[in-house]
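Subject: Structure handover and notes

Hello,

Here is the structure you are taking over.

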Amino acid sequence: MASNSERGYPTNGSVYVCNLPEGTDESMLAEYFGTIGLLKNDKRTGRPKVWLYRDKVTNEPKGDATVTYKDPHAALAAVEWFNDKDFHGSIIGVFMAESMGSNAGVDVGFEDDAAKEMDGGGGRGRGRLDSSGKMWQQEGDWLCPNTSCSNVNFSFRGVCN
């Protein structure tokens, strides 16, 4: 199934970036990705919406991030412009961070153990199962593109919580 971004329809304004070199920080990403379009600002901090995924134990960056643009079309342009390009000595991958409710072709299924874990109440957000055993979510909720996270996020979030 082709994704919405492959059809030319932007799903949201976020891109997922992987293979970032050590030492990458939010300001470096904001400067680099801001050359193609205006980045959305976080309402609480006023800073650009750039999220570096970090190791839960060491708090060190894992080498991937999300960047959110004000205009979803700028996100599409960022994928075309920056994917497989050099960023401070590393060839990075840049992909649309797609919403689950957009029929974007993102696999939203969970392994039984993961679903049971989420049903146990330890997670955040809408990580509960409905009476049929399926993940309960509202239209527009989306799955984190980071395969080590797989968090289901509310539709209003520009980055994974």
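Predicted model: local features only at pLDDT ≥ 70, side-chain atom pairs only at ≥ 80, totals over all residues.

Residues are numbered from 1 along each chain as its sequence is written, and side-chain values use heavy atoms, with hydrogens and water left out.

Cores

The largest nonpolar core has 22 residues, and Val15, Phe33 and Tyr69 touch the most other members. A nonpolar core here is a set of buried Ala, Val, Leu, Ile, Met, Phe, Trp, Tyr and Cys residues joined through side-chain atoms within 4.5 Å. Buried means under 20% relative accessible area, exposed means over 50%, and partly exposed is in between (1.4 Å probe, protein chains only). At least two residues of this core come from each of strand S1 (14–18), helix H1 (26–33), strand S2 (50–54), S3, helix H2 (72–82) and strand S5 (90–96). Helices (H or I, at least four residues) and strands (E, at least two) are DSSP runs, numbered from the N terminus. H2 gives the most to the core, with 6 residues. A second, separate core of 6 residues includes Tyr16, Trp142, Cys144 and Cys160. In soluble globular proteins, nonpolar side chains tend to be buried together.

Phe33 is buried, at 0% relative accessible area. Leaving out residues up to four places away in sequence, Phe33 touches Val17, Leu39, Val67, Tyr69, Ala78, Phe82, Ile92 and Val94. Contact means heavy atoms within 4.5 Å.

Val17 lies in strand S1 and is also buried, with 0% relative accessibility. Among the residues that Val17 touches are Phe33, Gly63, Ala65, Ile92 and Val94. Val17 and Ile92 are 75 residues apart in sequence, but their C-alpha atoms are 6.8 Å apart in space.

Helix H2

Which residues of H2 are buried? They are Ala74, Ala75, Leu76, Ala78, Val79 and Phe82. The cover over the buried residues of H2 includes S1, H1, S4 and S5. At the N-terminal end, Asp71 caps H2, with a side-chain oxygen 3.0 Å from the backbone nitrogen of His73. H2 is followed by Asp84, whose phi is positive.

Positive phi

Most residues other than glycine have a negative phi, and most peptide bonds are trans. Asp84 has a positive phi of about 65° although it is not a glycine. Asp84 sits in the loop between H2 and strand S4 (85–87), and at 57% relative accessibility Asp84 is exposed. His88, again not a glycine, has a positive phi of about 50°. His88 is in the loop between S4 and S5 and is exposed, at 54% relative accessibility.

Aromatic rings

How many aromatic pairs does a search of the whole structure find? The search finds 5. Rings of Phe, Tyr and Trp (its six-membered ring) pair if their centres lie within 6.5 Å; planes under 30 degrees apart count as stacked, over 60 as edge-to-face and the rest as tilted. Tyr32 and Phe33 form an edge-to-face pair, because their ring centres are 5.3 Å apart and their planes are at 80°. Tyr32 and Phe87 are also edge-to-face, with centres 4.8 Å apart and planes at 70°. Tyr32 is in helix H1 and Phe87 in strand S4, so this pair ties together parts that are 55 residues apart in sequence. Phe87 is buried, with a relative accessible area of 1%. Ring pairs link Tyr32, Phe33, Phe82 and Phe87 into a cluster.

Cysteines

A search of the whole structure finds 0 disulfides; a disulfide is a pair of cysteine sulfur atoms within 2.5 Å. For Cys144, the nearest cysteine sulfur is that of Cys160, 3.7 Å away. Cys144 is buried at 3% relative accessibility, and Cys160 is buried at 4%.

Thr68

Thr68 lies in strand S3 (residues 61–68) and is buried, with a relative accessible area of 3%. The Thr68 side chain makes a polar contact of 2.8 Å with the side chain of Ser14. A polar contact is a pair of N or O atoms within 3.5 Å; within protein, one must be able to donate a hydrogen and the other to accept it, and residues adjacent in sequence count only if both atoms are side-chain atoms. Other residues that Thr68 touches include Leu39, Lys40, Lys49 and Val159.

Regards
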